[in-house]
Amino acid sequence: MHYVHAKTLLSAQNGMNLYRGCTHGCIYCDSRSDCYGIQEFDQVRVKADALRILRNDLERKVRPGIAGLGSMS
C-alpha cells in the first residue's frame, strides 16, 4: 500500500474516491479496465489524511447533498 497526496476526495461526477487499485486481481473486475487509465492497478494507493480532506471538502459545500460511495470502496 502506498500513500498519495490529494487535494480533494469528492467530485461531482464520481462521488468519493478513497483509494485506487486492488490486490485481488479478479478477472471480471470492471475497475481493471484500460478505459480508466490506472497503471499498476495491483498496487493500492490510499489518499493520505483522508478524514481531514473530507472535512474540508464538506465545509466548502454551499448546499446539502449526497456523497456516493462506489462498490469498490
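A residue is called buried under 20% relative accessible area, exposed over 50%, and partly exposed in between (1.4 Å probe, protein chains only). The model is predicted, so that local features need pLDDT of at least 70 and side-chain atom pairs count only at pLDDT 80 or more, while totals for chains, interfaces and linings use all residues. Residues are numbered from 1 along each chain as its sequence is written, and side-chain values use heavy atoms, with hydrogens and water left out.

**Exercise 1. State which elements the chain has and in what order they run.**

Step 1. Helices (H or I, at least four residues) and strands (E, at least two) are DSSP runs, numbered from the N terminus.
Step 2. One helix and five strands are present in the chain.
Step 3. Read from the N terminus, the order is β-β-β-β-β-α.

**Exercise 2. Determine the order of the strands in the open sheet.**

Step 1. Two strands pair if DSSP finds at least two bridges between them.
Step 2. Three strands form the sheet, in the order 1-5-4, with mixed pairing.
Step 3. Strand 1 (2-4) and strand 4 (19-20) are the edge strands, each pairing on one side only.
Step 4. Strand 4 and strand 5 (residues 45-47) run antiparallel and are joined by two bridges; Arg-20 stands opposite Arg-45 of strand 5.

**Exercise 3. Locate Glu-40 and Asp-49 and describe their phi values.**

Step 1. Most residues other than glycine have a negative phi.
Step 2. Glu-40, which is not a glycine, has a positive phi of about 50 degrees. Glu-40 lies in the loop between strand 4 and strand 5, and it is exposed, with a relative accessible area of 52%.
Step 3. Asp-49 also has a positive phi, near 60 degrees. Its place is the loop between strand 5 and helix 1 (50-60); with a relative accessible area of 46%, Asp-49 is partly exposed.

**Exercise 4. State what share of the residues is buried and what share of the contacts joins residues 24 or more positions apart.**

Step 1. Of the 73 residues in the chain, 21% are buried.
Step 2. A contact means heavy atoms within 4.5 Å.
Step 3. Among contacts in the chain with a separation of 6 or more, 67% are between residues 24 or more positions apart.
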